[in-house]
Amino acid sequence: MDLFDYVREKNLDKEAPLASRLRPSTLEEVVGQQHIIGKDKLLYRAIKADKLSSIIFYGPPGTGKTTLAKVIANTTSAVFTQINATVAGKKDMEEVVGRAKETLGMYQKKTILFVDEIHRFNKSQQDYLLPFVEDGTIILIGATTENPYFEVNGALISRSSIFELHPLDKEDIKTVIRRAVYDVEKGMGSYDAVIEEDALEFLADISGGDARNALNAVELGILTTERSDDGKIHITLPVASECIQKRVVRYDKTGDNHYDTISAFIKSMRGSDPDAAVYYLAKMLYAGEDIKFIARRIMICASEDVGNADPMALTVAVSAAQAVERIGMPEAQIILSQAVLYVATAPKSNSATNAIFGAMENVKSQKTSVPAHLQDAHYKGSKNLGHGIGYKYAHDYPHHYVKQQYLPEEIKDARFYEPGDMGQEKEIKRWMEYLKKG
């Protein structure tokens, strides 16, 4: 790198967006994702020891996939190079592989290749990398927002460790925002700005676990807001709302947060009031609530509060969740409305909820053994131990049912599932009673 390249790179760093400037350079600076980079976790130890094998980071936008790759770049002794799969072609990869071979041969140093949006590579492009990953010429780090088991070559998957990143929680986002506003070195602390608590809460809520969304709003707010009489730039709730392009809706006159409306939304579906349910849906959509979050709540309600009284409710809710991800707003509001109205008007049962909670409590409190006639009889010597002896194959009997003991001896009389008297469960209850009488 000559002097002009160095100066140009430094200027680019200064003019880079806040989200890029604030990116951590060490593991200790990373916010969130402790399930994979906590001090007792494999990835943390591998990065610290500089003993990485090929890995793929998978998760939603703004959760830190590129950040972790940059941290690795700052800590590894290997040569680090980066390409983006949306613009890179085979020629770019050939150049990377060629340099990697030279570096390995001349300096005995490995090359880490970070491929952002690796799911954008077609099969032949992914196949090209495979032999060089396999022989150690390059260590691959891939980043993708798509499920890698569907979008990445199976052979690459088998040679890589998959780490799933989760959306940052509210407190994590608040930590990142405070750094952005007050950190003088990497953030915008030199602007002498302050963020008001309700604006901080709002941005942390509405960013949907995406730190980049929140940081872009903070940067825009600081750069476009005039100083107040006290000489400071104040990021207020209206400023935050305008900068992130999401409306602030006061859910009641005391200004309680949006969780009150979500609670009312769920309770209206559970209470079979379609008008109230669709009203609260509209209120959340108007406020800019994440449509994926709304869809998740509908799915939970479909199982928790409808269950087997109408098994189609969960199917409709899951289909709606998939559809809104593919279609987006504004059309997604129609799909969400359909799902909400279906769940709200469906017959209700919480028997599935009670069944699993009851079973979980029993599992926690009582040690049991699987009855011998239900144990696996296929492995060598199992029949000599009495495994599987006396088991009755249900399909050999009328109605494909035969009375035998399935629960462990210690809890043989326990009942966890009690079908209700609504919808499909009424038929399930009648059928189960008929079988047991027979």
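The model is a predicted one, in which local features need pLDDT of at least 70 and side-chain atom pairs count only at pLDDT 80 or more, whereas totals for chains, interfaces and linings use all residues. Residues are numbered from 1 along each chain as its sequence is written, and side-chain values use heavy atoms, with hydrogens and water left out. To residues 51–171 UniProt, in an unreviewed entry, assigns the feature "domain: AAA+ ATPase".

An open sheet is formed by 5 strands in the order β2-β3-β4-β1-β5, with parallel pairing (two strands pair if DSSP finds at least two bridges between them). Its edge strands are β2 (79–84) and β5 (161–164), each of which pairs on one side only. Strand β1 (residues 55–58) is joined to β5 by 4 bridges, the two running parallel, and Phe57 stands opposite Phe163 in β5. Helix α6 (residues 90–107) packs on the sheet, where it touches β2, β3 (111–116) and β4 (138–144), and its direction makes about 175° with that of β2; contact means heavy atoms within 4.5 Å, and angles run from 0 to 180 degrees between N-to-C directions, with axes fitted as lines to C-alpha atoms, for helices over the stretch in contact. Helix α7 (residues 123–134) lies across β3 and β4, running at about 135° to β4.

Terms used. UniProt positions renumbered as here; feature names shortened; annotations may be inferred.
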